[in-house]
Every structure is written in structure tokens, then in C-alpha cells.
Amino acid sequence: MPTKAKALSEPPKKPRVALALAGGGPLGAIYEIGALCALDECLRGLRLHQCSDYIGVSAGAFIAAGLANGIRPRDMCHMFIDDPLADEDFNLNALLRPAWGEMQGRAARAPWLLAQGLWGWAAQGHSLGSILETLGPALPTGLLDNEAVHREIEALLTRKGRCNDFRKLKASLTLVATDLDSGDAAPFGQPGWDHVPISRAIVASAALPGLFPPVRIDGRHYADGALKKTMHASIALERGVDILICLNPLVPFLANPGVAERERIPPLVRGGLPVVLNQTFRSLIHSRLELGMKHYAQDYPDTDIVLLEPDHRDAEMFLANTFSYRQRRELAEHAYQQTRHWLRLNAVRLTQLFARHGMGFDAETLHDKNRHLVVGMLQSPAPAARLNAVLDALEAAMKTGLAHRRAPA
């Protein structure tokens, strides 16, 4: 048993810091990079590329894997957002390549399936609707090619100084996908799941059904990790971490009717099906997250948990076009500034929380009004004005389409 003098001379135990990153597509990745840059720069005693545990789901899997490889948040911004000419750029065009192989393979089955359906209708008395059911397997499981995405990620993680093998990382990295045939979570990176290349686990975790085909690994098929849970942070909590920092990019949008007329947000239904589906998906994802966070607080009282996410009234994040290079830069800057603003608003509570783990705010960085993430940014239109403009354009386009359909031939 150590003496009192020896105990006093021992250095304080380094806290185990876990980082859990939820999904959200390209928008989620851009938000998380901006928010992580703000957090990394405004806190002393915390280096987000040196955490003990990382949990990544969907787009968050990509960011988590980069951090676990020692890539700093600022470097991620430079590589993926701020410097379009860099050799290490992730080519976002890879996210839009059609899954021709999947489509052709499915289409090749259509004649045989159609013949089966017609035979059932003609010889066995099946309904005409059964023909459409028979053709279901001819439909592609995803429209976009996740193999193109995999090649981009694999190239990034096999460069000198990086690692595409879970077992060779210094930190614990877990990337969660969903087993399509059982609905169970697949924690790639955990024992028994760590033989899979990190790049392959990333595309499995991000394979949103309908957009990307399920990913085949060891004879089974895996899809987006968010199908089971939004965050999967319990993986790190069960390991006994001291502090867990969670980032969730997707929140339902709150149109506040109590603000001034010029800033009032119109009803989202005016945006038609895309806007309604966007809001619905966000609401479903966030309701699960809220429930999960309550359980985390109850079941793991010895771990401090911090959740960062966009303001529910943030129209800039809700309207984002993440495939526009200029807007990617604007969104990263926006996430960076909004996170710094949130840290300032919650500084009193967070100062006490972080102090328990040997961390503290860098007041100069936190309050520096001239500090930016991306250089050369121009002032963007007011979020409410942009939302009004987009919804007006959508409504006009829908009216024009209806008028054309009603016009006599």
C-alpha cells in the first residue's frame, strides 16, 4: 500500500476521454469538423486527436477514424474543406457516382422475374398487383456507388503515418453498422470485429438504405449504423471513461412564430416533400438520441457527458447544400462560430465540468471576435431570408409543374 508521501508525489491520473460522433451525411461531417475545431482550440488539456476512445456512426465514422489516426481537426478542415487543390482532398464527387454495377445486376434479373409474375397471373390466378411484387428484387438496393467512396477512404488511410487496421491504433476505435439480416449492431473495431479494414467498416456504417447498397463483409450485409441507435455511446461508457463528448449534427428545425415579421420562418410544408422528409428524418433521429442521453445519465452517473449539436432554430444548417464547394466552406465556418458561441453561453457550467478532468477554457481564443476557421469568407444572407427564398422557389416550381400538367395537349 503506497505511503501518503508517495501518493502525494504521484502525477494526477490522465482522464479517459471518449468522443462519440453521430451521422448526418456530408452535412454532418462538415458540421462535426467545424465544431471539433472550435472545441479543440478553445479547451486546454484536451486534444481531440489523442482521445482514448472513439465511437463513430455513419458520417461520424469517417471523422472518428481520422481522429483515431492522429489527424487534428484543423488538418481535416484543410484537407476536406478549405484547400481544394491539396493532394489529400477527399473527392466529394465520389459520393455522387451511380451504382452502375448494382443497377445492372438487378436489371438483369427483371426478365425472369417478370416471366414469373406473368405466369402466376395467367396460370395460377394471381392478381395483377402480384406482378409488381415479383419485380421487387429487380430494384437496386442503392443508387450510389459506395465502392467509389471506399477507394477514396482507403487511399487516405493507407498513406504514410496512417493506419487502416483497428488493431494497430493506439486508441480504441469503434465504427458501428447494422447487420441487415438480424437488425443487430455490428461494432467494428471491438474484439472479434477488428479484423475488418477501417475503410470497409466506414462505408458499411454509412450505407444508408436507398442511397448506398448494403456492404458485404464476411458473407453478411451491413447498412447504416444509425438504423439501430443514433449514437451508440454506451460502447465507450461501458469501458469506464471519465468524460464523454458527443456530437450530433442533425436536429429538427424549429420555426419560431414569435420573432419579427422579416425574420419569420414560413411553414415547412411549403417546401414540399423534400423538406417534409428532411424534418421527419431529423425528428425521428433526435427523439431516439434524447431518450438515449437520459439513459446514459442514469446508468453511468460517474461519467460526465457533454452533448454538442446545432441550435434547433439554425436555418443555415437546415438548408445546407453540402455539394457546393463555397457552401461547404460557409457551413464549416458557421459550425465553428456557433460552437464557440455555445461554449461561451455555457462557460460557467462547462468550466466546472471540464476542471474535474484537468481541462479549462482558453479565454483568449474563446472570446476572440476576429478568429475564423476558414479564411476569406464573405457574409452570407440571413438564414431566415435564405429559407424564405428557397421555399418560395420550391413552391413556384411546383405550381409551374401543376400548370403544365393541367394544360390541354
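Which residues line the second largest cavity? Select Val 251, Pro 252, Phe 253, Arg 282, Pro 310, Asp 311, His 312, Asp 314, Met 317 and Phe 318, and the lining is on display. The model is a predicted one, in which local features need pLDDT of at least 70, side-chain atom pairs count only at pLDDT 80 or more, and totals for chains, interfaces and linings use all residues. Residues are numbered from 1 along each chain as its sequence is written, and side-chain values use heavy atoms, with hydrogens and water left out.

**The cavities**

A cavity is a set of points, on a 1 Å grid over the protein atoms alone, where a 1.4 Å probe fits but cannot get out; lining residues have an atom within 4 Å of a point. Grid points are joined across faces, edges and corners, and a volume is the space filled by probe spheres set on the points. The structure holds two cavities of 30 Å³ or more.

Next, select Phe 62, Ala 65, Gly 66, Ile 71, Met 76, Met 79, Phe 80, Ile 153, Leu 156, Leu 157, Arg 162 and Ile 202, which line the largest cavity. Its volume is about 90 Å³. The helices α3 (59–68), α4 and α8 (146–157) each supply at least two residues of this lining. Helices (H or I, at least four residues) and strands (E, at least two) are DSSP runs, numbered from the N terminus.

**Helices α2 and α4**

Now select α2 (residues 25–42) and α4 (residues 73–82), which pack at an angle of about 150° with their axes 8 Å apart. Axes are lines fitted to C-alpha atoms, for helices over the stretch in contact, and angles run from 0 to 180 degrees between N-to-C directions.

**Helices α8 and α9**

Move to α8 and α9 (residues 198–205), whose axes lie 9 Å apart at an angle of about 145°. Here the residues that meet include Ile 153 and Leu 157 in α8 and Ile 202 in α9. These three residues also belong to the lining of the largest cavity.

**The hairpin**

Finally, select strands β4 (residues 172–179) and β5 (residues 185–188), which pair in the antiparallel sense over four bridges. Two strands pair if DSSP finds at least two bridges between them. Leu 175 has Phe 188 in β5 as its bridge partner. Five residues separate the strands of this hairpin, and Gly 183 in the turn has a positive phi of about 80°.

Definitions and conventions
On a 1 Å grid over the protein atoms alone, a cavity is a set of points where a 1.4 Å probe fits but cannot get out, and a pocket is an open set with protein on both sides within 12 Å along at least five of seven lines; lining residues have an atom within 4 Å of a point. Contact means heavy atoms within 4.5 Å.
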